[in-house]
Amino acid sequence: MNASSKSESLYRRAQAVLPGGVSRNAVLRAPCPIYASHGRGCRVTDIEGVERLDVANNMASLIHGHAYAPVVEAVTEQLRHGSAWNMATEVEVEYAEAMTRRVPGFDRIRFVNSGTEAILCALKAARAYTGRPKIAKVEGAYHGVYDYAEVSQTATPTDWGAPEHPASVPVCSGTPRGVLDDVIVIPFNDPAMAMALLDEHAEQLACVLVDPLPHRVGMIPASDEFVDAIHAWTRRNDSLLVFDEVITFRIGYAGAQERYRVRPDITALGKIIGGGFPVGALAGRAEVMDVLDPLRKPLLFPHSGTFSANPVTMTAGLTAMRYFDRAAVGQLNALGDRARRQIAEAIVGEQMPLSVTGAGSMFRIHPTRLAPANYREAFHPPALAALKQRIVEGALERGVLLIESCSGALSTPMIESDIDEITDVLAASFRAARPLAEIIGT
Ligand SMILES: Cc1ncc(COP(=O)(O)O)c(C=O)c1O
């Protein structure tokens, strides 16, 4: 990036008015963020005129890539009529019907404005339903920025505590002690240890929150044994199972949950269900969701949101999900299989100390020979983080935009040759990073 680039001067302006010059930390890069100009299909062009293959898809939220014609047309038409009113709309009912038809366990759905808000509401609904204060979550799992949901997300070897008793580590300075005391942190995919921890708080736990493919924990699927054990535990202890499918809803027609033998009581949604617009939702069993029912006396969980279920988001989401039918899900996941297979081959071909995980239309590359099994194994000391970063930057220089964690989320405009392009670029980036890997001696 030369000193006189448009991005550098924009970033200088931004630093005077936005904390750190950004509105979301994920776009920060050295020496400055990349500023987008426009996108079409699976390609995005920045304000310097550089076009790249977009494998980040706005943090996995764009299932049809950029400027998807059916969404553009439907939303443009909606905008001609208005974008939000103090009234309910037909499209929110239509979208709710489509989503409840789509997923067997979704009797009722409430739309909100982000994944964070969906998780926040799911946890509050669980507390309201059970009358209990505590929640349990998996160590390291990202669930947005709600106080309770973010506990332990950035735990490090210095503060994460013993494996059999993971510490409730705060993310944000000033997090109240009471929040930390009310969050029980459990290890991923370890049913015995998780059950022992849950048992210690059995009468106080409103719910156990599980992401079936937690990104920060290594992007490895939750095992059937883990999910079954937690589900059974919640049945025995009058608690609830909450799934975070904010990202993973993209990996199955009815989300990742269709792969499991049991159903969550509440599911938090976001990202792709907004068709490119801000969205969140919680959906689940009628009896539980009815804590939100304002006709009910007493109303256990009063909830509002100025832009909740606004017709622009509802129209975009309904259109996007209509086109993400079973055939589209199958095709996209086949591309995901191809990507993971070819990345694994490139790792072997380039003799790099790397591994690849993921499922459906997602992948993540790790700077370790063995794929991690949990957050502690997925946590990287600085040298390994530098190797991962070198690969992300190498891919960027070669025209492929990844998620900063060295992950990718595919979109339906992609075809096999795009996957080949991604994996060729990754192989070249691995090769270029080999000297660093040799210095680190992994
Ligand atoms: C699994 C998961 N849950 C919740 C969230 C929060 O969603 P949002 O960024 O829309 O608030 C995210 C965002 O990346 C996520 O990946």
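Residues here are numbered from 1 along each chain as its sequence is written. The model is predicted, so local features need pLDDT of at least 70 and side-chain atom pairs pLDDT 80 or more, while totals for chains, interfaces and linings use all residues; side-chain values use heavy atoms, without hydrogens or water.

Let us stay with the cysteines. A disulfide is a pair of cysteine sulfur atoms within 2.5 Å, and by this rule the count is zero. Cys121 is in no disulfide either, as its nearest cysteine sulfur, in Cys207, is 13 Å away. Cys406 has 0% relative accessibility and therefore counts as buried (buried is under 20% relative accessible area, exposed over 50%, partly exposed in between, with a 1.4 Å probe and protein chains only). Cys121, at 1%, counts as buried too.

Cys121 leads us to helix α5, where it is one of the buried residues. How far apart are the end C-alpha atoms of α5? They are 23 Å apart, which agrees with the 22 Å that its 16 residues, 115-130, should span at 1.5 Å a residue (the expected span is 1.5 Å times one less than the number of residues). Other buried residues of α5 include Gly115, Glu117, Ile119, Leu123, Arg127 and Thr130. The buried residues of this helix pack against six strands that you can look for in the model: β4, β5 (134-138), β7 (205-210), β8 (240-244), β9 (266-270) and β10 (280-284). Contact here means heavy atoms within 4.5 Å.

Now for some backbone details. Most residues other than glycine have a negative phi, and most peptide bonds are trans. Against that background, the peptide bond from Ala30 to Pro31 is cis, with omega near 0°. Pro31 sits in the loop between α1 (6-17) and β1 (36-40). Lys297 and Pro298 are also joined by a cis bond, with omega about -5°.

Pro298 belongs to the loop between α9 and α10, and Ala309 is found in that loop as well. Ala309 has a positive phi of about 60° although it is not a glycine, and at 13% relative accessibility it counts as buried. In this loop, between α9 (286-289) and α10 (311-323), you will also find Asn310. Asn310 is buried at 12% relative accessibility and touches Ser83 and Ala84, leaving aside residues up to four places away in sequence.

Finally, turn to Met59 in helix α2 (residues 57-60). Its phi is near 55°, a positive value in a residue other than glycine, and Met59 is partly exposed, with a relative accessible area of 31%.

Definitions and conventions
Helices (H or I, at least four residues) and strands (E, at least two) are DSSP runs, numbered from the N terminus.
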